[in-house]
Amino acid sequence: MTTPDKTRYVLGWSRRIMLKSPYPIARAGLGVYRNLYALRPANWHKLEVEPPRNLAFTLTEHCNASCSFCVYRFGTPKDRMSNEVFFKAAGEYCDMGGKNIWLNALTGEPLLDPHFFEKTAFLRSLGGFESVNLTTNGIMLAKDHVIEALIGSGISHIIVSTAGFDRAIYRKHMGVDRYDEFLSGLVNLLRRNQETGYPLDVTVGLRGLMNVLDTEDFRTKVLPMINSGKGKVRVEFLRFYIDWFGKIKSEDLPEGCGFLPQVIVRTRPCNTSFNLGVLANGDLRVCHCGNQERSDDLLIGNVLTSSIVEAWHSDNAKKVRATTYGSGANDICRRCVMYSPVRPKEDLTTIWSKKYRPPEVDSGTDSEGGL
């Protein structure tokens, strides 16, 4: 039995079929599904009076890799988020009743932020968050003090994004020759997480198909930690990518992978427009993904000059959200393959906080947009 067969329990049957199908067939099937899904009705207006479902921080735009599938290598901005920006945004989000934090949603390696653990300590002091998620390429995990700090940081979920467990493929798609650091760091993280009673959920996010697992390093060093992980360690695969508006080419992607099919049916706002992105310079963005170099159409303010509450509930924010779909879509959203309609299950499930009410909204109203 091959290693992919041994680990297939981490995937549903539909995902396994999608991963094993030739790319054109998989893409066509996903395209049909995404467009049919967009036709489902959804009452999304209630979300506009609730806090952002996620607050996504771009802590740093610096990176210690140069991935073939990322726009970073084309010279994106190189800002770092100050503690002033982070503390103000996180504090206001907590006061709103916000529950979910994402650390680094665009390009950059968050563990390169020299004040990273000051920021996580502040989140821990606020309390009340249901999840604090970190995405990292894992290179910094080679430092033992980083792993120890992560274990006690209050982070709930770490996604380690990598091109796999083959040295040559790793170097090709991660753009750096740091495989040994990545592998030793990942193994040490999994081991230390086990020794401390699994305070962290860990996802190994693989950039490729299931055959990237069929290596000696994975079989002998990583798979045993997954098998003993009590459901706290899992493997996920990324087969479909964004092209960063033409900057990334199909030949830049791992073998058997390609670009997301575009959703043509756009009858309601994009799912990500109910998340709030905080860029490294403090700009507030309705959407946590997309093209950093052309973000003006999605900006709704700056945390240093206005509060998150004011920006999120402003008329401007509603206007920007309305341009993520339909005939009046802005240029960024019209070309974006990441568009996904608001999910009905989330639309109809309130995340209303008792200690929070948006400005000038009566808590007893049941008109459109209220509760």
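Analyst: Happy to. A residue is called buried when its relative accessible area is under 20%, exposed when it is over 50%, and partly exposed in between, using a 1.4 Å probe and protein chains only. Helices are DSSP runs of H or I with at least four residues, strands are E runs with at least two, and both are numbered from the N terminus. The model is predicted, so local features need pLDDT of at least 70 and side-chain atom pairs count only at pLDDT 80 or more, while totals for chains, interfaces and linings use all residues. Residues are numbered from 1 along each chain as its sequence is written, and side-chain values use heavy atoms, with hydrogens and water left out.

Let us look closely at helix 4. This helix has 14 residues, 83-96, and at 1.5 Å a residue it should span 20 Å, which agrees with the 20 Å between its end C-alpha atoms; the expected span is 1.5 Å times one less than the number of residues. Of its 14 residues, 10 are buried, so helix 4 is largely enclosed by the rest of the structure. The buried residues are Asn83, Val85, Phe86, Ala89, Ala90, Gly91, Glu92, Tyr93, Cys94 and Met96. Their cover includes strand 1 (55-57), strand 2 (100-103), helix 5, strand 9 (276-278) and helix 10 (308-312). Just after the helix, glycine 97 takes a positive phi of about 95°.

Helix 5 (residues 116-126) is the place of lysine 119, which counts as buried at 1% relative accessibility. Leaving aside residues up to four places away in sequence, lysine 119 touches Leu59, Met81, Ser82, Asn83, Phe86, Phe87 and Asp113, where a contact means heavy atoms within 4.5 Å.

Buried here are Ala26, Leu30, Gly31, Arg34, Asn35, Tyr37 and Ala38. They cover an arc of only 155° around the axis, which puts them on the same side of helix 3; the arc is taken from the directions from the helix axis to the C-beta atoms. The face turned away from that buried side carries the exposed residues Pro24, Ile25, Val32, Tyr33 and Leu36.

Now for the wider setting. The protein chain has 13 helices and 11 strands, and 54% of its 371 residues are buried. Among contacts with a separation of 6 or more, 76% are between residues 24 or more positions apart. A nonpolar core is a set of buried Ala, Val, Leu, Ile, Met, Phe, Trp, Tyr and Cys residues joined through side-chain atoms within 4.5 Å. The largest such core has 96 residues, and Phe57, Leu103 and Phe165 have the most contacts inside it. A second, separate core of 9 residues includes Ala38, Val263, Cys270 and Phe274; Ala38 is one of the buried residues of helix 3.
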